[in-house]
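Reader: I would like to go through this structure feature by feature. Please start with the general idea each time, then turn to the case at hand.

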Amino acid sequence: MEHTRPFTVIVEGNIGSGKSTFLECFSKYPQEVEVFPEPVAKWRDVRGHNLFQLMYEDQERWSMAFQSYAQLTMLELHNQTTLAPVKIMERSIFSGRHCFIENLHEEKKMKHSEYTVLCEWFDFLQKSPMFNLKVDLIVYLKTSPEVAFKRVKQRARSEEKILPIEYLRNLHDLHEKWLHQSTDLPAELVVIEADQNLEQNPDMYAQVMEKVLAKAQ
Ligand code: DCP
């Protein structure tokens, strides 16, 4: 059966916080949960252009184009129907707006005029009845920037090799601000302390997984 309004979970947290690992845990439950990883592959090949790489090579030149496309691809994921009753997304249009776009603007990597265009798009999409941005639960994988940095270095994605720890510190602060201080969060928030690895603490996701899987009953 097609679900046009599945119970929707967005998984948030800094770069390197372990979102993909958390998502993988649900691959054992395909009847219950449909998993939507972040569309990095699309960002790497926009009709032959690797916008993801361009964005890291020259943020002042390319961050507007990249965030504009990232926003579009996230919108597509928000809007997708599922066969399973629960939908889990890696990130969302919301963290794009409140963490990444905000950071690029604050750091003066994005012109105020470019930032304004992206904000106007975001506000329009959020209000528009044509799109489904409904979220039911936010799972925040909270890490210290130092741990996230270590993981980013270990996995060594080629585009991210120039990423300084300061970038992760800024993104950490913006996640904290968005998730703990804003008055209009799109859904209930659960926080997982995620500095430990899954091998060190095999039960770290158990409670939240149970909560999510219960929504498929
Ligand atoms: N990114 C960005 N702007 C966005 C979304 C993502 O610049 N609006 C970048 C940051 C990273 C890459 O895309 O270089 C992927 O970041 P995520 O934190 O979304 O995903 P990870 O794969 O790093 O997550 P994790 O390590 O938690 O699995």
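Reader: Leaving aside neighbours within four places in sequence, which residues is valine 9 in contact with?

Author: Two residues are in contact if their C-beta atoms, placed from the backbone, lie within 7 Å. Valine 9 has such contacts with Val86, Ile88, Asp136, Leu137, Val139 and Val212, once neighbours within four places in sequence are left aside. This is a predicted model, in which local features need pLDDT of at least 70, side-chain atom pairs count only at pLDDT 80 or more, and totals for chains, interfaces and linings use all residues. Residues are numbered from 1 along each chain as its sequence is written.

Reader: How many residues has the largest nonpolar core, and which have the most contacts inside it?

Author: In soluble globular proteins, nonpolar side chains tend to be buried together. A nonpolar core is a set of buried Ala, Val, Leu, Ile, Met, Phe, Trp, Tyr and Cys residues joined through C-beta atoms within 7 Å. A residue is buried if 20 or more other C-beta atoms lie within 10 Å of its own, exposed if 12 or fewer, and partly exposed in between, with C-beta atoms placed from the backbone. Here the largest nonpolar core has 24 residues, and Val9, Val11, Ile88, Ile138 and Val139 have the most contacts inside it. At least two residues of this core come from each of strand E1 (7-13), helix H1 (19-24), strand E2 (33-36), strand E3 (86-90) and strand E4 (137-142). Helices (H or I, at least four residues) and strands (E, at least two) are DSSP runs, numbered from the N terminus. E4 supplies the largest share of this core, five residues.

Reader: How do helix H5 and helix H6 cross?

Author: Two packed helices are described by the angle between their axes and the distance between the axes. Axes are lines fitted to C-alpha atoms, for helices over the stretch in contact, and angles run from 0 to 180 degrees between N-to-C directions. The axes of H5 (residues 93-106) and H6 (residues 112-127) cross at roughly 165° and come within 11 Å. H5 and H6 are therefore roughly antiparallel to each other. Angles under 35 degrees count as roughly parallel, over 145 as roughly antiparallel, 65 to 115 as roughly perpendicular and the rest as oblique. The crossing of H5 and H6 is left-handed; that is, the near helix is turned anticlockwise from the far one by less than a right angle, while clockwise would be right-handed. On the H5 side the contact is made by Ile93, Arg97, Ile101 and His105, and on the H6 side by Tyr115, Leu118, Phe122 and Leu125. By class, this contact of H5 with H6 has six nonpolar, one polar and one charged residues. Ala, Val, Leu, Ile, Met, Phe, Trp, Tyr, Cys and Pro count as nonpolar, Asp, Glu, Lys and Arg as charged, and the others, Gly among them, as polar.

Reader: Are H4 and H6 roughly parallel or roughly antiparallel to each other?

Author: The axes of H4 (residues 59-79) and H6 come within 10 Å and cross at roughly 10°, so H4 and H6 are roughly parallel to each other. Met64, Gln67, Ser68, Gln71 and Leu75 of H4 meet Glu114, Leu118, Trp121, Phe122 and Leu125 of H6. This contact of H4 with H6 has six nonpolar, three polar and one charged residues.

Reader: At what angle do H7 and H8 pack?

Author: H7 (residues 145-155) and H8 (residues 165-181) pack at about 130°, with their axes 9 Å apart. H7 and H8 are therefore oblique to each other, and their crossing is right-handed. Pro145, Ala148 and Phe149 in H7 meet Ile165, Leu168, Arg169 and His172 in H8.

Reader: Is arginine 91 buried or exposed?

Author: Arginine 91 counts as buried because it has 21 C-beta neighbours inside 10 Å. Its place is in the loop between E3 and H5, and arginine 91 has a positive phi of about 65° although it is not a glycine. Lysine 108 also is not a glycine and has a positive phi, of about 60°. Lysine 108 is in the loop between H5 and H6 and, with 10 C-beta neighbours inside 10 Å, counts as exposed.

Reader: Where does serine 95 lie, and which residues does serine 95 touch?

Author: Serine 95 lies in H5 and is buried, with 25 other C-beta atoms within 10 Å. Not counting residues up to four places away in sequence, serine 95 touches Glu12 and Phe100.
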